[in-house]
Amino acid sequence: MRSTRKGRNTDTILPSEITPYEKYLSRRALLAGGLGAAALQALGAWATPARGQGAAALAFTRNAALSVEDPPNSYQDITTYNNYYEFGTAKSDPAERARDFQARPWSVAVGGEAEVTGRFTLEDIIEPHPLEERVYRFRCVEAWSMVIPWVGFPLGDLLKRFKPTSRAKYVAFKTLYDPKRMPGQTYRILDWPYVEGLRMDEAMHPLTLLAVGLYGKTLPNQNGAPLRLVTPWKYGFKSIKAIVAIDFVEKMPRTTWALSASDEYGFFANVNPEVDHPRWSQASERRIGAGLFGARRPTLPFNGYANQVASLYAGMDLRRNF
Ligand SMILES: Nc1nc2c(c(=O)[nH]1)N[C@H]1C(S)=C(S)[C@@H](COP(=O)(O)O)O[C@H]1N2
Ligand SMILES: [Mo]
């Protein structure tokens with residue numbers, strides 16, 4: 001990806017928001033114990049925050065089986081070290097420049113090879129789905145990584161509601177295009193709007209998450225509010241932010257980074273320590289926030305999710321289909 005300027009640090013996160021994860025978890029347990037998970041759910045899993053206000057608390061159950069044990073990154077790390085070129089190319093840009101972005105009201109256009117298509121409000125999209133917390137590893141193609149406690153629901157559960165036809169072989173996603181609200185789109189750094197896609201079986205895989213929050217609260221703008229994709233075994237650029245369109249298609253859709261440099265970024269983008277980026281090694285990664293000595297670690301095939309996903313690619317040449 002494009003080399004970035006040295007990130008400036010901002011002091012916009014209140015100390016109260018930098019809850020260590022263990023404390024955050026025990027607080028959740030207290031809440032759930034007092035009210036019961038069902039009661040929490042009934043309080044409204046989808047608390048819509050008022051315009052211009054910060055993240056709102058979400059109700060969810062923790063999916064321990066699909067969570068990793070690695071200590072999660074701090075809220076501060078996850079919300080101030082971002083890639084979101086619609087708001088600038090420096091890691092610190094999105095936190096600063098997306099601050100006033102209005103992620104509500106929002107709608108998603110669903111089209112293509114499905115029985116149910118049309119425009120759906122954010123509430124239509126989210127409300128039928130029980131929310132889960134999943135702590136996933138996150139590996140950017142630039143060779144840094146984090147561990148993020150997402151809140152969301154399986155993408156497959158949403159896609160089933162639209163009854164895709166047998167011709168639907170891929171799912172294509174689009175980010176909002178609105179240069180007035182996303183100032184980075186006035187620069188031709190990428191072919192806007194940002195587009196991404198998955199093969200149908202990847203989209204339906206139980207690990208594939210549609211995230212609506214992190215650390216128990218609605219997504220901060222810089223992380224892709226109000227709705228973003230998360231595919232933990234793939235490089236971070238697959239996890240498209242601020243989704244406004246979902247299309248069921250027959251042919252492999254074009255994807256933004258492959259359009260930008262097809263020799264450097266492929267469609268599959270599965271994390272693979274054996275296939276280097278033409279300009280750097282993918283054998284290891286720098287864990288953000290892990291200090292000087294804990295930082296460098298080997299990168300795992302499929303980002304550590306090989307047991308769950310390697311079978312999706314049986315018989316494929318992963319060097320050619322990178
Ligand atoms: N629309 C859009 N989605 C995007 C990007 C982007 O620039 N625009 N950057 C991608 C890249 S390269 C990464 S690593 C992740 C970063 O997600 P995070 O900032 O929440 O960590 O978002 C991905 N999704
Ligand atoms: Mo990335």
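Tutor: Buried means under 20% relative accessible area, exposed over 50%, and partly exposed in between, with a 1.4 Å probe and protein chains only. This is a predicted model, in which local features need pLDDT of at least 70, side-chain atom pairs count only at pLDDT 80 or more, and totals for chains, interfaces and linings use all residues. Residues are numbered from 1 along each chain as its sequence is written, chains are lettered from A and ligands numbered from 1 in the order in which they are written, and side-chain values use heavy atoms, with hydrogens and water left out.

Student: Is Thr61 buried, exposed or partly exposed?

Tutor: Thr61 is found in strand β1, residues 61–62; helices (H or I, at least four residues) and strands (E, at least two) are DSSP runs, numbered from the N terminus. The relative accessible area of Thr61 is 35%, so this residue is partly exposed.

Student: What distance separates the C-alpha atoms of Thr61 and Leu131?

Tutor: Thr61 and Leu131 are 70 residues apart along the chain. Between their C-alpha atoms the separation is 6.5 Å.

Student: Which backbone oxygen does the side chain of Thr208 reach?

Tutor: Thr208 is found in the loop between α7 (200–204) and β8 (209–214). Its relative accessible area is 0%, therefore Thr208 is buried. A polar contact is a pair of N or O atoms within 3.5 Å; within protein, one must be able to donate a hydrogen and the other to accept it, and residues adjacent in sequence count only if both atoms are side-chain atoms. At 2.7 Å, the side chain of Thr208 reaches the backbone oxygen of Glu202.

Student: Which side chains have an N or O atom at 2.8 Å or 2.9 Å from a nitrogen atom of ligand 1?

Tutor: At 2.8 Å from a nitrogen atom of ligand 1 is an N or O atom in the side chain of Glu86. The corresponding distance is 2.9 Å for the side chain of Thr175.

Student: How many residues surround ligand 1?

Tutor: A residue is near a molecule or strand if one of its heavy atoms lies within 4 Å of it. The closest to ligand 1 are Asn82, Tyr85, Glu86, Ser239 and Lys241. Ser239 places a backbone N or O atom 2.9 Å from a nitrogen atom of ligand 1. The number of residues surrounding ligand 1 is 18.

Student: What is the omega of the peptide bond from Trp192 to Pro193?

Tutor: Pro193 has its place in the loop between β6 (170–175) and β7 (195–199). The bond from Trp192 to Pro193 is cis, and its omega is near -5°.

Student: What is the phi of Ala143?

Tutor: Ala143 sits in the loop between β4 (132–139) and β5 (144–154). Ala143 is buried because its relative accessible area is 9%. Its phi is positive in a residue other than glycine, near 75°.

Student: Is Asn303 buried or exposed?

Tutor: The loop between β13 (296–298) and α10 (306–309) holds Asn303. Although not a glycine, Asn303 has a positive phi of about 55°. Its relative accessibility is 2%, so Asn303 counts as buried.
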